[in-house]
Amino acid sequence: MDDSQLLQIAERFGTPCYVYDAECIRRNSAAYRDALGQRGRAFYAVKANSNLSVLRLIAGAGLGFDIVSGGELARVLAAGGAPEDIVFSGVGKHPDELAQALDAGIACFNIESAAELKLLIMLTTDRLGSRAPVALRINPDIDAHTHPHITTGRAEDKFGIPAAEALDLCRQAAASPGIELIGLSCHLGSQIDQTAPLTRALEKMLELRATLRAEGVAIGHIDMGGGLAVPDGTSAPTLAIPDYIGALLDLIGEGDDAPELWLEPGRSITADAGALLTRVLLLKHNWARNFAVVDAAMNDLMRPALYSAVHAVRRLTQGEGDARIWQIAGPVCESTDMLAHDIELPLAPGDILALERTGAYGFSMSSNYNARARPCEALVDGGDCRLVRPRETQEELFASELEHLL
Ligand code: LLP
């Protein structure tokens, strides 16, 4: 997406506006499909970006979906995704959500605790004769050395089944009439930029699989979750999709006995396909600092406030500007509402800026804080551009409350 195309979009749809590049999403999806070939499957983690048109594009590119709620299941089905291409992750699935997924007939439940397994067994018993395909999610106690908020595979984290209890629970699952134990799963965290923690975790999973096999329990796939890093800034990824997948497939080996490798990529499918367009409302100078106040805020893009993420800022407008070092601030009444720090650019009021690599965990984490209507979303496909979610209106934000007004 070049600057003039993005400028036109900002004029046409207004700001703030998320824009996604369809070609980039297709390219990223194809990189997973090509690297896995016949040896595995990729399930896009819907939480990264759950816009229906984005989901439809990803289904068309041949990926399945990793969901974490009934809401995400409904979205995938509404976008045209097939139930048999869906895996269900998450540490606390509501009984209603499990029932919803059983009714839909999804490919696999990634079960994270003995209590959850028990619940699923009860649900299948209630529905006489129904069987739930299950993978047990193991917590291997391996630190992926990423941001503490997005690390999930250590002993102190809430996720997964402790490795020491996994064998017993696998035996129990395999012996339960309503359960079909088809896989093992694992997710170490997000923004992982080295293969070592992943291959160590995979070794543990392969050992567990071998032990089960010796007891006559066949495990068809190992799901290594998602987590491949996409740097927030401008630097190139340190780990490319083919190398990441290659390292895992090398360990799994080939042959009739080799398990399938399943993956749940989120960020690496949509992050670099997206930009958040925002307009400079005004420039102001407080003591030693220069602030460019823009019309996007932390409610639209949480990542800088929540993880100190650094998204590159591109000025799309040409022409004169005041060249200084700017703090890019949103209008929300919180000091954490800063979208970028120390940006050296010539800026003028009315300028349009792009916050880059915001196609993942951007809109999907947005909120209505400060009673702000959330941005619109647009999808670019070559020369073509269309609105794929209109901007929220102020009225629709409180329409249901009006119906219940005191
Ligand atoms: N599978 C499971 C079970 C997950 O929990 C996640 C992400 C993924 C797959 C996808 O991971 P990815 O490939 O996108 O790294 N909001 C944070 C990221 C939270 C990730 C949560 N789980 C952020 O903005 O950085």
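Guide: Contact is taken as heavy atoms within 4.5 Å. The model is predicted, so local features need pLDDT of at least 70 and side-chain atom pairs pLDDT 80 or more, while totals for chains, interfaces and linings use all residues. Residues are numbered from 1 along each chain as its sequence is written, and side-chain values use heavy atoms, leaving out hydrogens and water.

Arg303 lies in helix 11, residues 303–307 (helices are DSSP runs of H or I with at least four residues, strands runs of E with at least two, both numbered from the N terminus). With a relative accessibility of 4%, Arg303 counts as buried (buried is under 20% relative accessible area, exposed over 50%, partly exposed in between, with a 1.4 Å probe and protein chains only). When neighbours within four places in sequence are left aside, Arg303 is in contact with Gln191, Asp232, Arg267, Ser308, Ala309, His311, Ala360 and Tyr361. With His311 there is also a polar contact, side chain to side chain, at 2.9 Å (a pair of N or O atoms within 3.5 Å; within protein, one able to donate a hydrogen and the other to accept it, with residues adjacent in sequence counted only if both atoms are side-chain atoms).

Ser308, one of the contacts of Arg303, sits in the loop between helix 11 and strand 13 (313–315). Ser308 is exposed, at 57% relative accessible area, whereas Arg303 is buried. The backbone of Ser308 has a positive phi, near 55°, in a residue other than glycine. Most residues other than glycine have a negative phi, and most peptide bonds are trans.

Trp287 also has a positive phi, near 45°, and is not glycine. Trp287 belongs to the loop between strand 11 (274–286) and strand 12 (289–294), and is exposed at 86% relative accessible area. A glycine with positive phi is Gly105, near 85°, which follows helix 5. The other backbone feature to note is the cis peptide bond between Thr15 and Pro16, with omega about -10°; Pro16 is in the loop between helix 1 (3–13) and strand 1 (17–21).

Helix 5 (residues 95–104) has Glu97, Leu98, Ala99, Ala101 and Leu102 buried. These buried residues pack against helix 4 (70–78), strand 4 (86–88), strand 5 (108–111), helix 6 (114–126) and strand 6 (132–139).
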